[in-house]
Amino acid sequence: MPTPGVPPPTPRRPARAWAAEIDQAIDAVVDGAGPVAVAADAPIARRIAFVTRDDRPADAGAWLPFGAEVGELSADGDVLRVGLGPATSLTAERARRAAAVAGARLSTGPVAVQLPDGRSDLVPALIDGLVTGCRGIGPVTLHVAQARLADAERGRLDADVARLARLLVNAPANVLTPRTAADWAQRIARRAGLGCTVLGPQQVVESGFGGLAAVGAGSANGPHLVQLEYSGTDPGSGPAAAPDVALVGKGITFDSGGLSLKSPAAMQAMRMDTAGAAAVLAVMAGLRRGRCAMTVRAVLPFAENLPGPGAVRPGDAVTAWNGTQIQILDTDFEGRVVLADALALAASARPGLLVDLATLTYQAEIALGPQIAAVLGRDDAAVARVLRAGAAAGEPLWRLPWAERYLDQVRTPSGVRNHPLHDSGRAITAALFLGEFVAEDVPWVHCDMTGPAWSGDASGDGATGFGTRTLLRLLTAGAGHAAE
Ligand code: MN
Ligand code: MN
């Protein structure tokens, strides 16, 4: 019975159930059982019409004030027109952004989606944007022309995979620890038919992954090394000795900097430091649904970089899995140290292509701004392949030079130092450091996605899922699309 004059207590909101959300997102990726479905065309009054500026009627006044600018909306009875801007500058990224604005306007039920003529390459991005934009609304069914159905399904997979990656990164670091990340990897493997091996803290040490062991040593949540194996569409083929593609992702579930402690402000969003591994995990979950015809192996080093008892000290020397000695001069340069072990292991299988994703250096963001990721590599053809996939997927990538002139920044007489001598060019010297762990003849591309992995302040769900769409484009060939 409320006391007169005293306001009732504010009801406490239930804590967000991160684990259940992640479990559901995994199921959505593996089964395609998300709240948004796509289906073939049917007579439905409610319609979304994507239009470019060039689609405006000759009597331009008929649509005014709607100018079909990117993401501009115009509701006209049952029709929601969505602007895509000028046709000549329309890219997958713009298409996805415009469609996401429209997706946020959707309500439950069926809706016909009118796609722009002659641009089947944009169908995945448009459907991806709609699905991403209307999360939390469903069930929604997007009806598209029969001929566009396969591309639409591909867009839906892109959206589901990116969402899983975002959830894994947004989850607080007390939810996503190295241990729970490995648990989710095992769940993904079970559900998606992947091979999975997990090494716990003790096995990481015993197996000689000295870099990962050192970085994880200052946390009670010890390091884990996860390996996933996708054997292609032929179920009898078994794991390949040399996979077509190997993926590596930086999985620092929280980066305090270790003993080389970050400032409080710099630490706030450091759950984002697992974005590379999260993107790879989410993509692996989607390979079967995407009918990936390649064999794919993922190597994911998970650790929490804390300055607790046992933490690695500046000046310590550790031995990586390939025998190279790493001098750890700054414990906040931990990403390259865990990637050294993971890349050495992944490269040892002689994959046809090796790609690593990492939130590695702030200087990659200084160079390219918050939305563009840096790619570096020795192999021009491999780099070009990844750049093409990024452009088709609508994820902006820009190549930085492989500048061996700076090798003296990272090499020492006895191995490598994790802290380069100069404080400039660090996106480049980080890549050179990693190159010490990958044989020169392995086609390898390093992607530093520090800028685009997160958007907004630390208190929000800022993870973008960056990298997932490029990897899916590399690995899966939807109907009518050759894999890049
Ligand atoms: Mn760091
Ligand atoms: Mn880091």
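The manganese ion (ligand 1) and the manganese ion (ligand 2) lie 3.1 Å apart in this predicted model, and D255 coordinates both. Around the manganese ion (ligand 1) the donors (N, O and S atoms within 2.8 Å of the metal, or 3.2 Å for Na, K and Ca, with water not among the atoms, so sites may look incomplete) come from D255 (OD), D332 (O), D332 (OD) and E334 (OE), at 2.1 to 2.2 Å. Because D255 belongs to strand 10 (residues 251-255) and E334 to the loop between strand 13 (325-328) and helix 10, the pair ties together parts that are 79 residues apart in sequence. Both D255 and E334 are buried, which is to say under 20% relative accessible area, where exposed is over 50% and partly exposed in between (1.4 Å probe, protein chains only).

The helices and strands named here are DSSP runs, H or I of at least four residues and E of at least two, numbered from the N terminus. The table sets out two helices that pack together.

| Helix | Residues | Contact residues |
|---|---|---|
| helix 10 | 335-348 | R336, V337, L339, A340, L343 |
| helix 13 | 426-435 | A430, F433, L434 |

The axes of helix 10 and helix 13, lines fitted to C-alpha atoms over the stretch in contact, with angles from 0 to 180 degrees between N-to-C directions, come within 9 Å and cross at roughly 35 degrees. Contact means heavy atoms within 4.5 Å.

Of the 484 residues of the protein, 57% count as buried.

Residues are numbered from 1 along each chain as written, and chains are lettered from A and ligands numbered from 1 in written order. Local features need pLDDT of at least 70 and side-chain atom pairs pLDDT 80 or more, while totals for chains, interfaces and linings use all residues, and side-chain values use heavy atoms, without hydrogens and water.
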